[in-house]
Amino acid sequence: MSKIILGIESSCDETAASVCIDGKIASNVIASQEVHQQYGGVVPELASRAHQQNIVPVVHQALQDAKIHKNDLNLIAFTKGPGLLGALLVGVSFAKALALGLNIPLASVNHMQAHILAHFIDAPHPKFPFICLTVSGGHTQIVLVKDYFDMVVIGETIDDAAGEAFDKTAKIIGLPYPGGPLIDKYAQEGNGSAFTFPKPNIDGYNFSFSGLKTSILYFIRAQTAINPNFVKEHLPDICASVQHRIVTILSEKLEKAAKDYQIKHIAIAGGVSANSGLRTALEKLGKQHHWSIYIPKFEYCTDNAAMIAIAGYHKLLKHDFCSQQVSPLARMPI
Ligand code: KG4
Ligand code: ZN
């Protein structure tokens with residue numbers, strides 16, 4: 001008998017649903033919420049309302065694209081956390097109601113684990129144990145992945161996440177939210193050595209990005225006081241220099257972790273893994289250290305439900321289900 005899973009993701013500002021059939025993704029639907037752009041960041045209350053509006057059509061589309069009927073489903077997997085509580089509540093409540101109506105089990109999924117498990121959507125799959133640099137809008141972690149659901153965080157940010165460093169820089173230089181992809185785009189035309197930004201002095205595998213953000217703010221303020229058109233005239237070089245610094249901070253720690261743990265299977269995951277500078281840096285490091293590197297397809301880097309559905313598939317294989325009493329968690333360790 002086929003194993004058919006519906007995955008639902010609603011932790012932040014994407015309402016997403018995906019169908020996984022026997023470990024293969026059969027549909028992957030995402031409704032992005034444009035409403036936040038004018039506010040320069042995600043407004044939690046507006047995110048919850050948009051999820052309410054989007055969830056039924058998004059799930060409907062995911063079933064239709066996969067050419068299956070809801071009665072064919074064997075499991076509903078949903079993001080339990082971490083994320084915005086009001087946003088998570090929409091996905092969790094919907095998943096619970098649908099599972100109850102269809103009389104099928106539910107599986108709760110940790111969003112950050114799911115970003116890592118996105119590597120099991122398409123072959124080649126990383127071999128356990130591997131190290132994954134998980135970089136998103138809310139998290140920056142180096143994770144030792146021993147098995148599908150056996151993961152240990154060996155380093156993480158002590159303040160801002162890497163995605164926040166991109167987004168806050170974008171805000172400082174007047175780019176709309178989310179700024180990460182735009183910084184990446186302009187950086188491709190710029191010189192990463194044009195301006196030098198400081199590197200934080202943090203021991204071990206932890207990260208810090210708040211000092212970098214402050215130094216960028218002071219630098220832009222000082223330069224704009226001299227030349228009001230500074231940002232406009234130097235946009236690609238500013239973006240390339242900021243990106244270069246963020247990427248070197250990330251890759252140096254990743255290199256250290258791989259060396260100390262003597263692991264040669266290295267992956268990246270999360271929204272910032274879509275960054276072209278980070279992808280190129282990882283490819284370079286892979287060649288240099290003879291690593292097998294794993295970089296997700298673009299559509300599986302940023303928030304999506306295919307990663308929730310594949311996590312659900314591996315939970316189904318283990319009969320790891322949750323009860324109807326489950327509640328979302330804004331904070332949820334890996
Ligand atoms: O994983 P994700 O979609 O959502 C969270 O779970 O946070 O990550 C979103 C983050 C945002 O900060 C966004 O600016 C960043 O990923 N991002 C990028 C790129 N694409 C998305 N940052 C740098 N370069 C990109 N190409
Ligand atoms: Zn995410």
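These legends describe close-up views of a predicted model.

**View 1. The ligand 1 site between two domains.** Domain 1 (4-117 + 301-318) and domain 2 (125-295) both give residues to the shell around ligand 1, so ligand 1 lies between them. The space that ligand 1 takes is the largest pocket. Elements giving two or more residues to this shell are α3 (111-117), α4 (162-172) and α5 (180-187).

**View 2. The shell around ligand 1.** There are 18 residues around ligand 1. Those that come nearest are Gly137, Asp167, Asp184, Asn275 and Asp303. By class, the shell holds 5 nonpolar, 10 polar and 3 charged residues.

**View 3. Polar atoms beside ligand 1.** A polar side-chain atom of Asp167 lies 2.6 Å from an oxygen atom of ligand 1. Gly271 places a polar backbone atom 3.0 Å from an oxygen atom of ligand 1. For Gly163, a backbone N or O atom is 3.3 Å from an oxygen atom of the ligand. On its own, ligand 1 has 550 Å² of accessible area, and the protein covers 89% of it.

**View 4. Two cis peptide bonds.** Most peptide bonds are trans. Gly81 and Pro82 are joined by a cis bond, with omega about -5°. Pro82 sits in the loop between β4 (75-81) and α2 (85-102). Another cis bond joins Ala123 and Pro124, with omega about 0°. Pro124 belongs to the loop between α3 and β6 (130-135).

**View 5. The backbone at Lys67.** Most residues other than glycine have a negative phi. Lys67 is not a glycine, yet its phi is positive, about 60°. Lys67 is in the loop between α1 (44-65) and β4.

Technical notes. Residues are numbered from 1 along each chain as its sequence is written. Chains are lettered from A and ligands numbered from 1 in the order in which they are written. This is a predicted model: local features need pLDDT of at least 70, side-chain atom pairs count only at pLDDT 80 or more; totals for chains, interfaces and linings use all residues. Side-chain values use heavy atoms; hydrogens and water are left out. A residue is near a molecule or strand if one of its heavy atoms lies within 4 Å of it. A polar contact is a pair of N or O atoms within 3.5 Å; within protein, one must be able to donate a hydrogen and the other to accept it, and residues adjacent in sequence count only if both atoms are side-chain atoms. Accessible areas come from the Shrake-Rupley method with a 1.4 Å probe; for residues, only the protein chains shown count as cover. On a 1 Å grid over the protein atoms alone, a cavity is a set of points where a 1.4 Å probe fits but cannot get out, and a pocket is an open set with protein on both sides within 12 Å along at least five of seven lines; lining residues have an atom within 4 Å of a point. A molecule sits in a cavity or pocket if more than half of its atoms lie within 2 Å of its grid points. Helices (H or I, at least four residues) and strands (E, at least two) are DSSP runs, numbered from the N terminus. Ala, Val, Leu, Ile, Met, Phe, Trp, Tyr, Cys and Pro count as nonpolar, Asp, Glu, Lys and Arg as charged, and the others, Gly among them, as polar. Domain bounds come from an automatic or database domain assignment.
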